[in-house]
Amino acid sequence: MAALQESSVAKLLGAGRSGKVFLVESQSGAIARKIFYPDTIANIIHYFFFGSPNPYIWNKDAIACAFYRRKILGELVQFWFGDRLTVADALSTKWNQEFKAYQIDTEFIKGRHVSLLQPCSRERAIELPALVRGIMLPLQKKLIEAGLDGLVWQAGKGTPTALNNFLLASDTSNQPVFVWIDLESGVPALFPINIIALFSFYLPKTLKYKRAMFDDVDNYKLKRYIHNYQVELVANIGSQKYQEVLGWVDRLEYHQDEWKSMRRVDRSIQYQLKKGAIDEQQARWYSEHFLLWYTRGFWNIFQKIINQLLIQLPIALVHKIINIPYLQFFYNLWRFILSQRYRINIVRNYVARRIENWQNRKHLINEEADSLFQSLEREKSSEYLTDFGVHLGIKLFVKIIEYVLVPLLYFVGLINELVFITWLIVGGPVYRTIYTSWRALQAAIARQEIPWVALLVGLIPTAGILAYPCQIIWSAKGKKQKIAQFIVYDFFTRIGAKIPAWGGEDTNTEHFFNQIADKIANRQLNRRKPLESAKL
């Protein structure tokens with residue numbers, strides 16, 4: 001597990017609940033470096049169950065387990081799936097003094113996450129079911145069979161967030177090739193969205209291991225599995241590699257026993273020692289006087305809470321209020337009210353930013369993004385698109401009222417709880433309906449099409465912002481309205497990306513909402529049955 005030769009961090013590739021991943025150029029080429037760090041929510045969960053933050057940050061045995069699990073699974077996955085799935089190979093582990101945390105260097109994989117549905121192409125619609133049904137579900141069964149119980153969480157059993165642990169490395173053939181890039185959990189495996197998985201698998205395994213399961217391996221079962229399939233494994237990976245796997249399993253067993261057998265208080269003490277908050281002598285003393293250690297910990301927590309609530313928070317609020325550009329705000333408000341060109345520019349800039357976001361995430365190829373930008377130019381004169389810009393502006397002002405004016409009126413006693421809650425719920429629909437009703441009256445007087453779809457959709461809280469995109473789609477009557485459709489796709493997909501805990505970018509939650517948008521935008525190819533959400 002020796003560290004690689006001199007290297008430099010070049011680019012942040014991504015961050016999750018357990019660590020940040022950087023693209024690093026080393027003497028041997030590009031590698032992916034995962035540096036573990038304490039996420040706030042994950043920290044609270046780890047402290048509750050284990051008495052310290054994520055062990056990959058500070059525990060040398062835990063990081064060693066991560067290294068050997070990747071080595072073992074690299075060979076088992078080849079045995080199970082052939083070329084259809086590989087594991088990003090572990091290269092080295094090392095203590096990172098700058099971040100004061102352990103890091104693991106792995107093979108850098110050039111790939112992307114499975115594509116979201118969007119209005120320009122459906123050629124990549126098969127990627128999600130190919131990953132979930134063709135790889136993740138069979139992988140979960142294989143892991144359980146081999147005793148790799150804790151790895152099932154990262155393979156997606158009952159949890160939608162595991163989808164982004166896999167990259168599509170090649171889609172040039174009829175058989176997509178995937179790579180499992182993230183095998184280290186961020187939280188204990190006790191919070192699946194699938195309740196059946198919780199009671200049928202995770203809770204029984206918790207009772208078996210006598211602790212909250214966190215990347216646990218049944219090493220006895222794993223050894224038995226490897227011996228039972230010795231003939232097949234040797235034929236697949238060779239006798240030399242087979243012996244290496246047996247050696248890795250022995251090392252995994254040793255380091256896991258050392259890691260999991262630590263006392264709760266010693267985990268907390270060793271974490272602070274690694275972070276430099278105490279020295280070796282203090283660590284030994286507190287290990288023998290653990291009540292004083294917990295007293296010290298509670299006092300530190302109390303001080304932090306007081307500092308945040310009574311000092312840091314008021315300073316941050318005052319600083320934010322002082323730095324609001326009031327003149328610019330009122331100038332833009334005046335332009336918004338008087339200038340139709342300014343309103344349409346708001347829409348075009350907003351949509352352009354969202355197209356660029358999809359393009360940067362590789363859910364739109366360059367040609368598809370160019371097609372949407374061209375459509376944005378062509379559709380810029382649409383009155384309905386201008387109305388959508390007004391709704392965007394209304395949303396901005398309503399949010400200001402909701403977050404500033406309404407709470408202020410409540411705290412000074414001018415409105416009661418009922419009015420406060422009602423205003424928060426119906427504020428957006430009311431203002432949208434007032435504007436759309438006025439536009440509908442104008443259309444009726446001019447004997448033009450009445451935007452009744454926008455009127456009805458605008459009544460829906462939150463989703464009502466899609467009122468005029470839905471109206472454009474309805475009024476198009478079979479014509480291609482890519483921008484309106486893209487707005488619908490983007491809106492619902494962002495809901496899935498923003499849902500706490502079980503949501504996020506490139507999760508199955510995001511794909512679920514993306515497919516809701518697909519139904520609304522009526523983009524089913526040749527009126528086929530729409531894709532069902534892949535269930536983990």
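These legends walk through several close-up views of a predicted model.

The model is predicted, so local features are given only where pLDDT is at least 70 and side-chain atom pairs count only at pLDDT 80 or more, while totals for chains, interfaces and linings use all residues. Residues are numbered from 1 along each chain as its sequence is written, and side-chain values use heavy atoms, with hydrogens and water left out.

View 1. Helices (H or I, at least four residues) and strands (E, at least two) are DSSP runs, numbered from the N terminus. The chain has 536 residues, and 48% of them are buried. Buried means under 20% relative accessible area, exposed means over 50%, and partly exposed is in between (1.4 Å probe, protein chains only). A contact here means heavy atoms within 4.5 Å. Take the contacts with a separation of 6 or more: 64% of them come from residues 24 or more positions apart.

**View 2. Helix H3 (residues 60–81) meets helix H9 (residues 239–260).** Two packed helices are described by the angle between their axes and the distance between the axes. Here the axes come within 9 Å and cross at roughly 155 degrees, which makes H3 roughly antiparallel to H9. On H3, the residues making the contact include Ala62, Cys65, Tyr68 and Ile72; on H9, they include Val245, Trp248, Leu252 and Trp259. Sorted by type, the residues of this contact come out as ten nonpolar, two polar and seven charged. For that sorting, Ala, Val, Leu, Ile, Met, Phe, Trp, Tyr, Cys and Pro count as nonpolar, Asp, Glu, Lys and Arg as charged, and the others, Gly among them, as polar. Axes are lines fitted to C-alpha atoms, for helices over the stretch in contact, with angles running from 0 to 180 degrees between N-to-C directions. Angles under 35 degrees count as roughly parallel, over 145 as roughly antiparallel, 65 to 115 as roughly perpendicular and the rest as oblique.

**View 3. Helix H21 covers residues 508–520.** At 1.5 Å a residue, its 13 residues should span 18 Å, and the end C-alpha atoms are 19 Å apart, which agrees. (The expected span is 1.5 Å times one less than the number of residues.) Among the buried residues of H21 are Asn508, His511, Phe513 and Ala517. The buried residues of H21 pack against helix H4 (127–145), helix H14 (340–360) and helix H20 (482–498).

**View 4. Lys205 sits in helix H6, and Lys210 is in the loop between helix H6 (195–209) and helix H7 (219–228).** Lys205 is buried, at a relative accessible area of 15%. Leaving aside residues up to four places away in sequence, Lys205 touches Asp149 and Met213. Lys210, by contrast, counts as exposed at 77% relative accessibility. Lys210 isn't a glycine, yet its phi is positive, near 60 degrees.

**View 5. Arg447 is in the loop between helix H17 (417–445) and helix H18 (452–457).** Arg447 is another non-glycine residue with a positive phi, this time about 55 degrees. Its relative accessible area is 79%, so Arg447 is exposed.

**View 6. Ala15 belongs to strand E1 (residues 8–15).** At 55% relative accessibility, Ala15 counts as exposed. Setting aside residues up to four places away in sequence, Ala15 touches Lys20 and Tyr37. Ala15 and Lys34 are 19 residues apart in sequence, and their C-alpha atoms are 8.9 Å apart in space.
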